[in-house]
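Subject: Structure handover

Dear colleague,

Please find the structure below, with the sequence alongside. My notes on what was found follow it.

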Amino acid sequence: METRLDKFEQMLSDIHQEYKKVSLQVDELKLNGKTKTTTFKQLLTKKMEYKNMLIMYKSYGLIDAVSLKQNQQ
């Protein structure tokens, strides 16, 4: 049986993975000069949402600054 903590840890892991995946997609679109496309804008919005979630976790002491920096790279 999954505990609440297990569910939180899974959610945090998923957010980390999605943030990295979306960041790579945004970077690829930038390199290809596609910064004015709808896809780029949608992905950039997702990236900012994930980043804000990670910042919130940090502000509540649920993750540390090192974890946050590692996910932004």
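In this predicted model, helix 1 (residues 4–31) and helix 2 (residues 38–59) have axes that come within 9 Å of each other and cross at roughly 145°. The crossing of helix 1 past helix 2 is left-handed. Sorted by type, the residues of this contact are 15 nonpolar, four polar and five charged.

Lys47 is part of helix 2. Is Lys47 buried or exposed? Lys47 counts as buried because its relative accessibility is 19%, and the cut-off for buried is under 20%. The value is thus just inside the limit, and I would read the label with the number beside it.

As to the chain as a whole, it has three helices and zero strands. Along the sequence the order is α-α-α. The chain has 73 residues, of which 25% count as buried.

Next, the charged side chains. How many salt bridges are there? The count comes to one. The partners are Lys21 and Glu18, and their closest N and O atoms lie 3.7 Å apart; the cut-off for a salt bridge is 4 Å. Both Lys21 and Glu18 belong to helix 1, where they are three residues apart, or about one turn of the helix. Lys21 has a relative accessibility of 43% and therefore counts as partly exposed. Glu18 is also partly exposed, because its relative accessible area is 26%. Partly exposed covers the range between the buried limit of 20% and the exposed limit of 50%.

Finally, the surface. Which residues make up the nonpolar surface patch of about 370 Å²? The patch is made by Met56, Tyr60 and Leu62. Of these, Met56 lies in helix 2, the helix that also holds Lys47. Met56 has a relative accessibility of 47%, so this residue counts as partly exposed.

Regards

Definitions and conventions
Residues numbered from 1 in each chain as written. Predicted model: local features only at pLDDT ≥ 70, side-chain atom pairs only at ≥ 80, totals over all residues. Heavy atoms only, no water. Axes fitted to C-alpha atoms, helices over the stretch in contact; angles between N-to-C directions. Helix = DSSP H or I, 4+ residues; strand = E, 2+ residues; numbered from the N terminus. Left-handed = near helix turned anticlockwise from the far one by under 90°. Nonpolar A, V, L, I, M, F, W, Y, C, P; charged D, E, K, R; others polar. Patch = residues over 30% accessible without salt bridge, like charges linked within 9 Å, V, L, I, M, F, W, Y side chains within 5 Å. Areas by Shrake-Rupley, 256 points an atom, 1.4 Å probe, with all protein chains shown as cover. Buried < 20%, exposed > 50% of the residue type's maximum accessible area, 1.4 Å probe, protein only.
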